Amino acid sequence: MNAEATTTPRPLVSVRDVHKSFGHVEVLKGVSMDVQKGEAICIIGPSGSGKSTLLRCINGLVPINSGTIRVRDFEVQNLKTDHEKIALRKEVSMVFQQYNLFPHKTALDNVMMAPVHVLRENRDEVRTRALALLKKVGLAAKADAYPGELSGGQQQRVAIARALAMRPEVMLFDEITAALDPETIKDVLATVRELANEGMTCMLVTHEMRFAREVASTVYFTDGGVIVESGPPAQLFDRPAKERTRAFLSQVL
Amino acid sequence: MDAIWHWFRVLYDTTGINLPIFYDAFDRRRFVNGLWMTLALSVISIIASVAIGVVGAWLQGSRLRMTRRVVNGYIQFFRNTPPLVQIYFFYFGIGSLLSTTGPTGHPVPLVSNVAWAIISLSFFAGAFNVEIFRAGVEAVPKTTIEAAESLGFSRLRTYLLIVLPLAFRISLPALNNNLVNLVKTTTLAYAIAVPELLYVTSQIWSDNLNVPEMMNVLLLVYFVLVGALVLAMDRWERAIRVPGFGA
Amino acid sequence: MIKFSNIVVAGAALALLGATAAHADTLADIKSKGTLVVGTKADYRPFGYLDPSGKIIGFEPDLAADLAKRLGVKLELVAVVASNRIQFLQQGKIDLMIATASDTPDRRKIIDFAEPNYYGSGTNVMALKSAHLKSWADLKGKKVCLIQGSFYNKELQEKYGIEGVAFPGTAEALAALKNGNCVGFAYDDTAIIGQLQTPEWSAYEMPLDSILFQPWGIGVKQGETALRDFVGKATIDWHKTGEIIKLEKKWGIKPTKWAEEMHDKYK
Ligand SMILES: Nc1ncnc2c1ncn2[C@@H]1O[C@H](COP(=O)(O)OP(=O)(O)O)[C@@H](O)[C@H]1O
Ligand SMILES: [Mg+2]
């Protein structure tokens with residue numbers, strides 16, 4: 001391990017043998033993966049295989065039963081107080097399937113809230129940055145619109161801007177296009193692609209196989225709480241080693 | 001002004017409609033003071049009871065079972081007993097315990113009747129407000145709260161900045177009803193001699209034997225008072241309404 | 001309108017007079033049956049209340065007893081309350097009413113009162129002895145407990161500048177006084193006297209001169225002039241001989257100026 005560390009850089013996110021149960025149901029049964037800084041990885045797999053749970057564990061939203069999760073210098077399983085978890089969340093931002101914008105705040109306020117209230121940054125500076133982020137996701141004109149006045153795709157792009165406003169080290173995306181109309185998916189994916197190309201470390205749970213093939217350096221296929229198979233997209237999509245992977249791909253492709 | 005006051009004297013002399021709150025300086029002062037007292041009771045109790053509702057709903061989401069039990073006990077107590085009995089309980093029950101002895105050996109109450117009225121009215125309406133806000137809090141989607149959490153908001157900040165503003169909008173119609181009730185319930189302070197509207201009015205009609213006139217005045221004043229509250233709440237409800245959220 | 005109602009009242013009065021005139025007069029009846037039936041209070045210490053054996057005693061029963069003695073008949077006391085005392089008299093259940101009843105023009109329309117008045121009550125305050133109240137002026141700006149709807153509330157506030165704290169009933173006002181929510185409780189002096197005679201209130205007193213005097217009258221059924229005049233003569237006697245003042249002393253009632261004045265007047 002130490003000998004390896006001198007040759008390959010230390011991963012930004014390191015997940016080791018993570019087990020997670022809800023009650024008597026074990027949802028994650030020993031999951032391990034490494035994500036290097038600047039890398040984009042995709043996680044695919046059938047519904048209920050524990051993909052969302054894994055992302056939520058990395059963000060510290062749900063505690064794990066055993067194993068370790070390290071994000072930069074944070075040993076996530078050891079974070080106990082709200083205070084410690086908040087420190088982690090400044091590094092790890094998450095975007096959800098249902099956007100989860102704050103409905104009583106405008107798009108601009110949604111983006112500004114966390115930096116102002118959590119990072120306690122200067123409001124004017126945050127505003128400038130938030131407007132730039134809205135412009136980046138193509139919604140500068142909608143800064144004053146409420147979530148209820150935006151389409152699903154627009155809301156999701158605001159949600160991405162909101163997550164980026166925290167200047168995280170890692171972005172977690174949980175099926176962010178699953179609830180969208182086909183015509184708005186394109187814009188959202190373009191935004192994520194741009195981020196990945198700029199070198200943002202991204203962990204994406206997605207059903208968009210073409211997109212995964214395009215942006216991911218590594219694709220993980222999960223089923224029943226374990227990683228069945230992983231590898232570069234060309235290998236995993238075109239020459240899957242496991243029968244279960246093949247079966248899954250034949251259904252979705 | 002005097003001409004107007006005088007007109008009511010003439011009204012009494014010619015028609016027998018006796019409204020001394022206009023032509024009699026003593027009664028006028030009593031009545032105006034009573035009106036102020038009712039306004040003060042209403043405004044202070046509204047603010048305090050809403051604060052109790054907000055804090056209570058927050059404590060109900062506590063991770064400590066003991067805290068939740070205490071809040072539930074409080075709600076049960078104040079929701080299941082008549083407010084008049086509560087006022088008596090505070091003023092005569094608790095009030096007799098909460099007194100010190102003055103220099104001449106008198107018992108000196110630590111809490112005045114006005115303060116007891118405000119305390120018991122606030123707790124009474126507050127118990128309902130906790131329930132109202134709790135329903136509002138529960139209607140806020142878990143995923144919205146999770147999003148706030150993932151952005152690094154603390155539990156308290158999530159509650160204050162996200163949950164509460166949304167819960168408020170959801171709760172507003174029910175809150176309106178409860179606050180209207182609270183304003184009407186301030187009349188119970190009459191029982192412990194708080195000189196609010198009903199109290200001063202009944203004094204005036206006892207002294208002048210003009211019960212029908214004062215009854216009408218009383219009814220009208222409360223109608224206007226509650227009407228103003230409803231109007232203000234409606235305005236507020238519309239002002240904070242956000243597109244695509246709530247009714 | 002006014003004239004018409006006058007005529008009605010006058011007519012009714014005439015009819016009543018006629019009815020009673022046809023009847024044998026009550027004074028004669030009392031003498032012939034040998035019993036005088038008097039309605040007194042049984043819950044208004046010390047004017048009329050129950051002793052431990054259940055007998056009605058007090059200031060007014062003593063007056064009733066004196067009347068019976070003057071007539072040479074036995075006395076029967078009937079407990080009455082404010083809401084039934086006038087009906088009892090009108091229905092003949094009692095011959096006389098000596099029951100702390102104020103002699104008012106309204107009541108004179110339906111019953112007759114013997115003249116002069118035998119006693120009366122004023123308004124006073126009940127306060128802690130340690131409060132050292134000397135005069136009504138001491139109460140200016142002070143909290144004073146009242147009963148809602150009492151006729152003296154306005155005058156106390158307007159003329160004496162007290163800060164009234166009025167409660168629905170006596171029990172609440174007394175509780176508030178005890179809690180120290182007011183420095184005194186303004187009430188009928190005659191009722192305060194009774195309160196002060198119970199050990200619970202031994203630390204309290206009735207320190208002021210009573211004001212707003214309301215005379216009490218002994219009531220007879222309307223038209224019973226013989227009985228009325230007999231009682232009137234006895235009353236004058238009571239004032240003349242100082243009987244009323246003696247009874248005040250006997251029943252622990254603070255001597256009133258009114259009783260003294262009546263004594264001086266008929267002396
Ligand atoms: N909070 C929870 N409580 C109980 N069970 C849960 C909870 N969250 C997820 N699960 C269960 O865990 C399993 C994996 O869920 P999830 O991680 O959402 O899967 P995926 O995102 O791959 O569809 C499912 O069976 C789901 O019902
Ligand atoms: Mg999922």
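## The two domains of chain C

In chain C, the domain assignment, which is automatic or taken from a database, gives domain 1 (26-118 + 217-266) and domain 2 (122-213). The centres of domain 1 of chain C and domain 2 of chain C, taken over C-alpha atoms, are 28 Å apart. Ten residues from domain 1 of chain C and eleven residues from domain 2 of chain C take part in the contact, where contact means heavy atoms within 4.5 Å.

This is a predicted model, in which local features need pLDDT of at least 70 and side-chain atom pairs count only at pLDDT 80 or more, while totals for chains, interfaces and linings use all residues. Residues are numbered from 1 along each chain as its sequence is written, chains are lettered from A and ligands numbered from 1 in the order in which they are written, and side-chain values use heavy atoms, with hydrogens and water left out.

## Where the domains meet

Between them, domain 1 of chain C and domain 2 of chain C bury about 850 Å², with 53% of it on carbon and sulfur atoms; buried area is the accessible area (1.4 Å probe) that two parts lose on being put together, summed over both. Of the area that domain 1 of chain C buries against domain 2 of chain C, 53% is supplied by Tyr44(C), Arg45(C) and Lys254(C), more than by any other three residues.

The rule finds one salt bridge across this interface of domain 1 and domain 2 of chain C, a salt bridge being a side-chain nitrogen of Lys or Arg within 4 Å of a carboxyl oxygen of Asp or Glu. Asp209(C) and Lys257(C) form a salt bridge in which the closest N and O atoms are 4.0 Å apart.

## Where chain B meets chain C

In the contact between the two chains, 24 residues of chain B touch 22 residues of chain C. Chain B and chain C together bury about 1900 Å², of which 52% is on carbon and sulfur atoms.

Across the interface of chain B and chain C the rule finds two salt bridges. Lys154(C) and Asp27(B) meet through their side chains in a salt bridge, with 3.3 Å from N to O. On the side of chain B that touches chain C, the elements that give two or more residues are α3 (25-60), α5 (83-97), β2 (107-109) and α9 (197-208) of chain B, where helices (H or I, at least four residues) and strands (E, at least two) are DSSP runs, numbered from the N terminus.
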